[in-house]
Amino acid sequence: MSKTIFGMKKTNTLLYTLALLRIIIPYLLQHPVYEPHRDEFLYLAEGHHLAFGFMEVPPMLSIFAWLTNFFGGGMFWVKLWPSLFGAATFIIAGKIIQSLGGKSFALILLFFSFLFGAYLRMFFLFQPNAPEIFFWTLIAFSFIRFVQTKKNKWLYLFGVSVSLGMLSKYSVAFYTASILLALLFTKHRTVFFNKHFWYASLIGFLIFLPNIIWQWQNHFPVVIHMKELQQTQLKYINPAGFLTDQLLLMLPCFFVWLTGFFNALSSKQYRFIGLAYLLVIILLLMEHGKSYYAAGVYPPLFALGATALEKFTIAKRKYLRYVFVFFAVGFGLFVVPILLPVLPPQPLADLYVKMNIAKTGTLKWEDLKDHPLPQDFADMLGWEEMAQKVAKAYHALDDRDRKNTIIFCNNYGMAGAINYYARKYNLPEAYSDNASFLYWLPTGLQIKNFILVSDDPDEKQHDFAKGFTSVTKTDSITNKFAREKGDYIYVFIGADDNFRKFFKQKIEKDKAEFKY
């Protein structure tokens, strides 16, 4: 008994030490020249407009955005919350390993799986993916523990995990549906006759209910958002590319999750985990989901696979452990510069040329063209330059014009970035009619002058520009690696009543389009 307790303490120490390293390492890897990501600016802005829902996402991330803003909004705080969710996900997966009898080597394989793969980036970006993956893992963990112990408390953990997961990202519904459907094909289908399962489901529904009410009150904008996403992005997803990416996303440790997948399917006790994986992949293929939408399904597979490989390499096959470690670390070091921007833009772009990274498709953006840097990295550049040039245009106005000037941006990244740097450059709040910023426009906004940030080089030629006494293009974004390179700053002075009427009608039309 004492030997077992000592062994558990030893693996717990290793588990929590590795979780701490999982938090620290990305901070050391990402070069400080990079700014928050375009999407991070949107989610940070939501922290200033707390609600039970938003156009794009449920409300959970806005709570952490509020905390980030409360603590000053520095990069440490922006990155802390996804890092903590990454560490927590690693710990839950580690607890699955311990419940299966796994020990130190299994935890090391699990650590490599979290360090040398898509999770390195996904658990460092302040986006809903981090909490989503955590709750997918917690859902799997709760059912694994229920299967192992038959204790009803795990069903209640399942109910709470689903509801909190849905409050982080709606795609948690994919895994919930998949795992419940998978249970129907196993001997564990008896859970549906357990009254505690239904009590737990009711508790979960009540936790999630405020967001349902918000969606109803706001005419279900998520439905319109998903339709727009389907029309503009998802319909172009290639099924073959989606399946290939499932290997590429976790390439250095693909052998770990594949082992877990096949072991799950061959196990009567844990077959539902393998079946749930298949169902998630099928659902995402049917809905043309992006490759990373399936990221949450892998942690339990990594846990099952790491445990199986550890047991397989006991005694005579122990040399294989060195092979696994060499493969994971060797490929892992190769992919790290693709997962996080470890160098300034130019040296990183030069490194990609030497590594011939373009062949992997990593440098292909949504415009289907190759660029010097991955799109995510280009989305971390040029924002402060934008704020500086907007501030230059704003403060160049005389006092009277400046008091009657608003800043308006064509997309949420621009507006979010300017608001992020507003205190530093003494700027008023920036507005936009894009994404959730549309909801935050003040009612009856009366525009006299405005500074417009736009990617359109011909804004001065549009009919609405005739409603101003003067229009000046003052500057543009010059960072050649930024996705916003070429964005322009315009100053519009002296709006007439025709423009104000046009603007009001445009905003009303935009809002009407997001009513289901």
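Both Lys389 and Glu385 are buried (under 20% relative accessible area, with exposed over 50% and partly exposed in between; 1.4 Å probe, protein chains only). This is a predicted model, in which local features need pLDDT of at least 70 and side-chain atom pairs count only at pLDDT 80 or more, while totals for chains, interfaces and linings use all residues. Residues are numbered from 1 along each chain as its sequence is written, and side-chain values use heavy atoms, with hydrogens and water left out.

**Salt bridges**

Keep Lys389 and Glu385 selected: the two form a salt bridge (a side-chain nitrogen of Lys or Arg within 4 Å of a carboxyl oxygen of Asp or Glu), and their closest N and O atoms are 2.7 Å apart. Both residues belong to helix α19, four residues apart, about one turn of the helix. Helices (H or I, at least four residues) and strands (E, at least two) are DSSP runs, numbered from the N terminus. Next, select Arg38, Glu366, Asp379, Arg483 and Glu484, which salt bridges with shared partners join into one network. The structure holds 16 salt bridges.

Move to Lys79 and Glu40, whose closest N and O atoms are 2.8 Å apart in a salt bridge. Lys79 lies in helix α4 (residues 75–99) and Glu40 in helix α2 (residues 38–46), so this pair ties together parts that are 39 residues apart in sequence. Lys79 is buried at 2% relative accessibility, and Glu40 is buried at 0%.

**The sheet and its helices**

Now display the open sheet of five strands, in the order β2-β1-β3-β5-β4 with mixed pairing; two strands pair if DSSP finds at least two bridges between them. β2 (430–432) and β4 (468–476) stand at the edges with a single partner strand each, so one side of each has no neighbour in the sheet. The twist averages 25° from one strand to the next; axes are lines fitted to C-alpha atoms, for helices over the stretch in contact, and angles run from 0 to 180 degrees between N-to-C directions.

Select β1 (residues 405–409), which pairs with β2 in the parallel sense over three bridges. Phe408 has Tyr431 in β2 as its bridge partner. Helix α21 (residues 412–420) packs on the sheet, touching β1, β2 and β3 (contact: heavy atoms within 4.5 Å), and its direction makes about 165° with that of β2. Return to helix α19 (residues 383–395), which lies across β1, β3 (449–454), β4 and β5 (488–495) and runs at about 155° to β3.

**Last stop**

Finish at Trp66 in helix α3 (residues 60–70), which is partly exposed at 40% relative accessibility.
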